Amino acid sequence: MSPRAQVYILAALLTLMGAGLTIYKNVELGFPLLPGEYRTVWTIEAKVGFTADGGPAKAALTLPRAQRNMEVLGETFSSSGYGFNIISEDDEYRAVWAKRQASGVQSLFYQLDVHQTPGAALEQPLDLSTEVVKPLLGAREQEAVRQAIYSVVETARERSSDTRTFTSELLTDLADNRNQDRNLIFGYYKDRSFVDIALLVLSAADIPAHRIRGLYLEDDRRRLDPEDLLEIYDGKRWVVFEPQSGSPGVPKNFFIWQRGGKSLLDVEGGRNSGVTFSVISNDVPARDVAMLSTSQEKEALVDFSIYSLPIEQQSIFKLILLVPVGALVVVLLRVFVGLRTSGTFMPVLLAIAFIETQLFTGLAIFVLILILGLWIRFYLSRLNLLLVARIAAVVVTVVILMGAISVVSYKLGIEQALTVTFFPMIILAWTIERMSIVWEEDGPYEVVIQAGGSLLVAVIAWWVMTNRYIEHWTFNFPELLLVLLGFIMIVGNYTGFRLGELARFRQLVR
Amino acid sequence: MRLQLPSFFRGGLVSPFALKKLGVLGMNARNVQYIARYNDRDKYPIVDDKLNTKRQAKRYRIPVPELIAAFETQPSRKRVMEVIEPLEKFVIKPARGSGGKGILVIVGRDGDEYLKPSGNKVTALDIQRHVSNIHSGLYSLGGKPDRVMIEALVDFDPTFDKYSFEGVPDIRVIVFRGYPVMAMLRCSTHDSDGKANLHQGAVGVGVDLATGKASHAVQRGMRVDIHPDTQMPFSDLEVPDWQELVRLAASCYEMTGLGYLGCDIVLDRKRGPLLLEANARPGLAIQIANGVGLRTRLEHIEQMDLEQLEKNVEERVAYSMDYFAAKPLA
């Protein structure tokens, strides 16, 4: 196979790999393609409060189970002075706080961050008992209530075709306060909630049902009590109903806490116990959400990437990942334009320094150091020093110049110039040395041309590297480097003319 | 079909298609299709290090300027002075210099001082510093430590005196797979400060491979008919010993093993053509000097069959001188 074909095949493979990984990260892991995308993250706080009796106290709170359309990004428990652990009990998780001696009002907190994702709320099947416990309505005074219940059931049954439509009808009837039977039932069970009564009537109709506890995610809600949904078994599967409206399905912003009818909170050794919830929404950068949600699953792609590094190193990598982009700019300008620079990739280092210092400060400092350095170098050249010693002397001079620039500008109140330290000193010293040779051999005009060319390339590289899209892509999709590599390989195969050559050879055409 | 971009590219741009049609070779095509393909990396040291070139040239009986001394390690002052003290004229060069950098030519003495061709004087101390700079790798590719060579100054053939100002006239021949394909004479001018680099203002004179006569001359991209300093018309210029010179260039192919090669040759009054240096990455300015593109000629040779490529030096020279003869100017 010819080298050229190899280049194209390799470049195609690299591009495919890079693009594939990028698409996977975007589609599957939710990394945003564009910068500045935000996602809503809900912070839900459950506050368990009770008055302790003075003896040993224990509180057990049922924790939310995994829900398909809600991704839990993180949980925190606060329990000062309490022993804490999480136990698993009949496919439910419970947080258990315990203390040997507690008295007075106690507050325990459980907080979690969730993020809504598209998809169905619940997964089937669920191992809940479909056994129906008929209500005990034997006593004489309950006869009227019993009649009313069966009348409601009968009406609903007549107006429906299957269990689902029946439940819908039943719930609408129970919500309708003009219905006499309904009013009788509600009058009898004054202290019960709507969902309790609905469960009672459903069991009378021989339909397996239980409650679902949860919360509606709405911003800035405090001291919320959990809300209930109904779930019935239609013979094949479990179906959720919103009790007040009778409509099937889990409401969109409903966060399911507990499925099944067990208690939400058990407290031993305390009184007046209760759970209240508060909900706050935050807009969080989409990438952070993606990072948090994938770190839970320990996605290998993320786990073995620069994201697993400490934040400080990550920010260094943010710069390092821009270097290939700068190199690409140099390659393009060399191959397609034919710009002459002093030191092939020196402009990339300059561009990185410009990122830290801001463009105009950087340019000013560079030109200043170059001019002062050249001037000192001309003096040094008269002293007959060995080359390495002379360059080292220039390095020291450059450092002193940098220090001087920093101190003087700081005293003058120009804080910008403090960033001078980001300039690559050794490279600057070499540049000064090379420039002074060019000056001696080819004259000052050539120095201006080469320094100007380097600066032009550096400024273009800086401009590309500070583009927010480029910054976003290089850091969040480092696999795009493979695409870049493929592209550079293809550019390396270009055998056409450079822009500069169109001017250089123009005489030949005439 | 010309785009106008006068401010930056004084004189505008030409269409790349026009250049392609004329068979002009661009830098990218030269690098990818010729240098990378025909020049083996392992043969580079032969041409990149001028001391190696000299050694190899001896083996192949190719005449070169006489080597007076070479310093492999950093020489002491005493050693440098020992060598240059008895010399009237000499050249100090870095063995691995590129683009003519770091070459110091001394043409005479004035008391304790040394004279450069421009008439400027340098002291012994300056010369020692120059030697030390070369050693430290100031002029070598990548700044690697270098070796210093001191050569006898070529006793230039007087033919070119009228066409060169203060400088060293040399002839560049491009040899492709052993066939000389194009030649030019580089004449230094006052403008180029005695240097033979075309981009510094030297005149590039295209030389007809068949006859050794000038066919075309260019200074700073503009066509010229007379030397700007000496006012001599280039139409009278004819390189003596031309066939011998082309033969020398062609034989560099065997010596270096490089398929795409630039040979720099000077004419000595007594010894005839001498190989100054060979170059594995010869520039493209030769096309401007000749007013002809290289690509068509290179492609012609690429089409040759194996038998033709196996020919000996004399046959190749005869073929090139015949086939690449300049078309009479209209």
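Tutor: In this predicted model, 23 residues of chain A are in contact with 32 residues of chain B. On the chain A side, four helices each supply at least two of the touching residues: α12 (387-411), α13 (425-442), α17 (499-504) and α18 (506-509). Of the elements on that side, α18(A) gives the most, with four residues. Sorted by class, the side of chain A that touches chain B holds 12 nonpolar residues, together with six polar and five charged ones.

The partner may now be described as a whole. Chain B contains 11 helices and 16 strands. The C-alpha trace of chain B spans about 60 × 45 × 40 Å along its principal axes. A compact globule with 330 residues would have a radius of gyration near 20 Å, and chain B, at 20 Å, agrees with that expectation. As for its interior, 45% of the 330 residues of chain B count as buried. The contacts within chain B also reach along the sequence: among those between residues at least 6 apart, 62% join residues at least 24 apart.

To return to the meeting place itself, the contact pairs 23 residues of chain A with 32 residues of chain B, and α18(A) gives the most on the chain A side.

How values were computed: Residues numbered from 1 in each chain as written. Chains lettered and ligands numbered in written order. Predicted model: local features only at pLDDT ≥ 70, side-chain atom pairs only at ≥ 80, totals over all residues. Contact = placed C-beta atoms within 7 Å. Nonpolar A, V, L, I, M, F, W, Y, C, P; charged D, E, K, R; others polar. Rg over C-alpha atoms; globule rule 2.2 N^0.38 Å. Buried ≥ 20, exposed ≤ 12 C-beta atoms within 10 Å, placed from the backbone.
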